[in-house]
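Here are my notes on the model you sent over. Have it open while you read.

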Amino acid sequence: MSESPKSNEVGVGGMAFERPIEEIEAKISELESLSQSTKLDISSEIDALNKRLREQIEATYARLGAWDRVNVARNSKRPVASEYIATILDDFFELHGDRAFGDDRAIVTGLATVEGRRFMLVAHRKGRTTKERLDCNFGCAHPEGYRKALRKMRLAEKMGLPIVSFVNTPGAYPGIGAEERGQAMAIAENILAMFALRVPILVIVIGEGGSGGALGIGVGDRVLMMEYAYYSVISPEGCAAILWKDGERSPDAAEALKLTANDLLRLGVVDGIIPEPLGGAHRAPDDAMRQVKAAILSALDELALVPPDELVAARYRKYRTMAAIDGRFPAPPSAGRADDR
Amino acid sequence: MDETKEIPTPSADRRDDAVPSAPRENEIVSKEEESDAEDAGNEKAPERPSRLSRLRFSKKKDMPGGLWLKCESCGQVIYRKELEEKGRVCPACDFHFTLPGSDRIRATLDEGTWREEYADLTPLDRLEFSEKVSYAEKIQNTLKRTGQNEAYLCGRGKILGRPVVLGVLDFSFMGGSMGEVVGEKFALAVELAERESLPMISFTSSGGARMHEGVISLMQMAKTCAALDRFNAAGGFSVSVMTHPTTGGVTASFASVCDITLAEPGALIGFAGPRVIATTIKQELPPGFQRAEFMLEKGMIDAIVRRTDLRDTLAKLVDYAGGD
Ligand SMILES: [Zn+2]
């Protein structure tokens, strides 16, 4: 951990570790407005401060702990689905609804184009304004959201389009309606169905990878994670509450759960990490989104070369042996679905 | 998750008998066992338990395995011996208490037909997960206490003469939580069923994914479904019986996507645990919420089958799967 967040008035949930950075930023903007109003040339002071700022950001982000990363992933300025859609897509035609119950705004789906590559976008939507956030339940999808995603993914298969999935959710919504309409069943159906889709699936965890709610649109041929995203079986808060009956210990839980991009890469759960701009995506959203765009292009181009049979067989193998230690378990069958063998 | 506290469970301190037989249901699960499972759905942190619930907790824990116990479902005080004679079904309200794995196997298969497979696979503390005791230590203690290497038991057997592959997720081993070996054994069982052209019969009782294995346990949801997808494409037939309780990542993966899903009366079946939901929405949950009868009414399971009828029902379903 970079510092004890508890000692800070911001509390365990904040970005307290960014305070030294914010102080320098405040000083810079103060000097800038001073130089404007007084017409004094203080550019050398500002240059010096900018250099200090860069060094401070480098130093802070070089020693981010797991809990700090969780907070970066949740940062309210971090780019969300709607901004990716507006910024990196050349075209987007949204397709709503599950044709059974409703249109869950916590998951957005639609036909997308990036530099001539067409695909089906499936993405958790968190929203930006307070109203949007409430509309999207803060990215916590209901069963109809997962069923909408499945319907559009099947459509993608029929249309011969690859699927790009953006994962960014604290988790599937825990509520009465969600349970009544089969939250567990909807997620399970999606996971099962994604193994049979005969088009490439690219999954990118752009922020929070919250448990089963993430996996419900998260089975892919390539699974990438942004540098400061996290992916976990349970939230650090939930884990701390169970183990220590103490939400204050979320930082300890975050460390124990091994939920950072590097941890997941080391365990073999994700295939790659998309680097973020210095100081995180919230500091330079456009740069971050450009990195994601580049990753989409190269992954889609690569997956486009794989014949459907091989794609489905490799997806099966990937998850059937995921994170396994060589020789620990009996060898599984080598290929996936019989109709693809 | 936290909710396992409210759930009648097999005793946590069955130290001497290798084969669990007469667990005590109304003593709440031990502190350690309670923390073994989490629902994959519980992303919202539950509030700290109130002082009251903690008092209740310690009071119940102190209650020895007496002659009487209180039914979790109807509150009736039951004579323990009568409960055992009734196959651990409440004589007052028909609530089906959790059965330990070995009892389940005995109650399901024809006598002498059980051939266990993959029994030697043992969990590993790959994340070096540490709370008060390390997960590695906890594994060792649970192994000693239960005489089992994992929460999942699988193998071949016969139900009224029909050969099947049976898999049982056992709540008395770390709350039936799904870690790497549980997911692996389910997949291996399904592959055994495919190789031998047998139906796959799956019983579950679980609090969800095993927190101590982090994201590896989450990925078992995908692994089990990968194996089932292959099985389905090869024409395999699977039946899932969800018993009390089946929640979290287990419900949100293999337990819900077998060809036929059954439940025992009164079984708690859901994604998020009731306490997490109540905390999130800040309101009382409706009576019977997430129980088998509720899930049936909402169209989420195919049928509720009483424990005494399960063998006949499973045999019948296996026969139907053979076609005309
Ligand atoms: Zn009762």
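The points below go from ground rules to chain A, then the helix pairs and the interface.

1. Ground rules. This is a predicted model, with local features needing pLDDT of at least 70 and side-chain atom pairs pLDDT 80 or more, while totals for chains, interfaces and linings use all residues. Residues are numbered from 1 along each chain as its sequence is written, and chains are lettered from A and ligands numbered from 1 in the order in which they are written.

2. Chain A overall. I see 14 helices and eight strands in chain A; these are DSSP runs numbered from the N terminus (helices H or I, at least four residues; strands E, at least two). Chain A has a radius of gyration of 22 Å, close to the 20 Å from the globule rule for 341 residues, so it is as compact as a globular protein of that length. That radius is over C-alpha atoms, and the rule is 2.2 Å times the number of residues to the power 0.38. The C-alpha box along the principal axes is roughly 75 × 50 × 45 Å.

3. Helices α10 and α11 of chain A. Residues 236–244 (α10) and 250–257 (α11) of chain A pack at about 105 degrees, axes 8 Å apart. Axes here are lines fitted to C-alpha atoms over the stretch in contact, and angles run from 0 to 180 degrees between N-to-C directions. The two are therefore roughly perpendicular (under 35 degrees is roughly parallel, over 145 roughly antiparallel, 65 to 115 roughly perpendicular, the rest oblique). On the α10(A) side the contact includes Cys239(A) and Leu243(A), on the α11(A) side Ala253(A) and Leu257(A); contact means C-beta atoms, placed from the backbone, within 7 Å. By class, that gives seven nonpolar, one polar and two charged residues. Ala, Val, Leu, Ile, Met, Phe, Trp, Tyr, Cys and Pro count as nonpolar, Asp, Glu, Lys and Arg as charged, and the others, Gly among them, as polar.

4. Helices α6 and α7 of chain B. Here the angle is about 5 degrees, again with axes 8 Å apart, so α6(B) and α7(B) are roughly parallel. Among the residues that meet are Phe186(B) and Val190(B) from α6(B), and Leu228(B) and Phe231(B) from α7(B).

5. The interface. Contacts link 58 residues of chain A with 59 of chain B. Elements giving two or more residues on the chain A side include α10, α11 and α14 (308–320). Which element gives the largest share of that side? It is α8(A), with eight residues. The chain A side holds 36 nonpolar, 13 polar and nine charged residues.

Notes:
Two residues are in contact if their C-beta atoms, placed from the backbone, lie within 7 Å.
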